[in-house]
Amino acid sequence: MMKKVYSLVSIVMMAVLAITTIGGSTAQASVPRFSFQTEDGKWDGEVGNPNKLADIEIDLVSPLSLKTASGTTSLSNYSKLSVRLRNANTGATTSYHTFTDGKALFTSMKTGRYYVDIKDSFANGYVSGKLDVVFK
């Protein structure tokens, strides 16, 4: 009886290990979703990059809102939004990247912790919403 229990436990453990390791480096990993607001002086997310020279993608999550003195409207055109990353340890900052279909890609990023900064180019108002950080 004890051998059967031990065998069953061993099989379950191997199955869990196999499932969690399949895909390894080719799988995409995402950190939790972040809320952001432009023009508030705060970082819009913080992410640790454990992979040397990994690509990091910032994905905007619909709906986004544009808030102005006259009210709040839903924002579907992201052409006035851009994003940059700042290395928390070195202070090195990327240039701002524009969004294409709600996504901006930073390639070959060094290992480290990064802050996410979203800005808008609206004359009056600010944008709020959510974003995902995806390692590629």
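This note sets out, point by point, the main features of the structure shown above.

1. Basis of the model. This is a predicted model, in which local features need pLDDT of at least 70 and side-chain atom pairs count only at pLDDT 80 or more, while totals for chains, interfaces and linings use all residues. Residues are numbered from 1 along each chain as its sequence is written, and side-chain values use heavy atoms, with hydrogens and water left out.

2. Confidence. The predictor's confidence in each residue is given as pLDDT, on a scale from 0 to 100. For the protein the mean pLDDT is 82, and 77% of the residues reach 70 or more. Helices (H or I, at least four residues) and strands (E, at least two) are DSSP runs, numbered from the N terminus. Contact here means heavy atoms within 4.5 Å.

3. The nonpolar core. A residue is called buried under 20% relative accessible area, exposed over 50%, and partly exposed in between, using a 1.4 Å probe and protein chains only. A nonpolar core is a set of buried Ala, Val, Leu, Ile, Met, Phe, Trp, Tyr and Cys residues joined through side-chain atoms within 4.5 Å. The largest such core has 25 residues, of which Ile 58, Leu 60, Phe 99 and Leu 131 touch the most other members. At least two residues of this core come from each of strands E2 (34–37), E4 (54–68), E6 (81–87), E8 (103–109), E9 (112–120) and E10. E4 supplies the largest share, five residues. As background, in soluble globular proteins nonpolar side chains tend to be buried together.

4. Leu 131 and its surroundings. Residues up to four places away in sequence are not counted here. Among the residues that Leu 131 touches are Phe 34, Phe 36, Ile 58, Leu 60, Val 61, Val 116 and Ile 118. Its contacts also include Arg 33, Asp 44 and Asp 59.

5. Gly 129 lies in strand E10, which covers residues 126–135. With 14% relative accessibility, Gly 129 counts as buried. Leaving aside neighbours within four places in sequence, Gly 129 is in contact with Phe 34, Ser 35, Phe 36, Pro 63 and Leu 64. Phe 135 and Ile 58 are 77 residues apart in sequence and 9.0 Å apart in space, C-alpha to C-alpha.

6. Strand E9 and its partners. Seven of the nine residues of E9 are buried. Two strands pair if DSSP finds at least two bridges between them. E9 pairs with E3 in the antiparallel sense over five bridges, and with E6 in the antiparallel sense over seven bridges. Glu 46 has Tyr 115 in E9 as its bridge partner, and Arg 84 stands opposite Asp 117 in E9.

7. An aromatic pair. Rings of Phe, Tyr and Trp (its six-membered ring) pair if their centres lie within 6.5 Å; planes under 30 degrees apart count as stacked, over 60 as edge-to-face and the rest as tilted. How many aromatic pairs does a search of the whole structure find? The search finds one. The rings of Trp 43 and Tyr 115 have centres 5.0 Å apart and planes at 15°, so the pair is stacked. The pair links distant parts of the chain, 72 residues apart: Trp 43 is in the loop between E2 and strand E3 (45–49), and Tyr 115 is in E9. Trp 43 counts as partly exposed at 36% relative accessibility, whereas Tyr 115 counts as buried at 17%.

8. Backbone details to inspect. The peptide bond from Ser 62 to Pro 63 is cis, with omega near 0°, and Pro 63 has its place in strand E4. Asp 101 has phi near 55°, a positive value in a residue other than glycine. Asp 101 lies in the loop between E7 and E8 and, at 76% relative accessibility, counts as exposed. Ser 108 also has a positive phi, near 55°; Ser 108 is in strand E8 and counts as partly exposed, at 44% relative accessibility.
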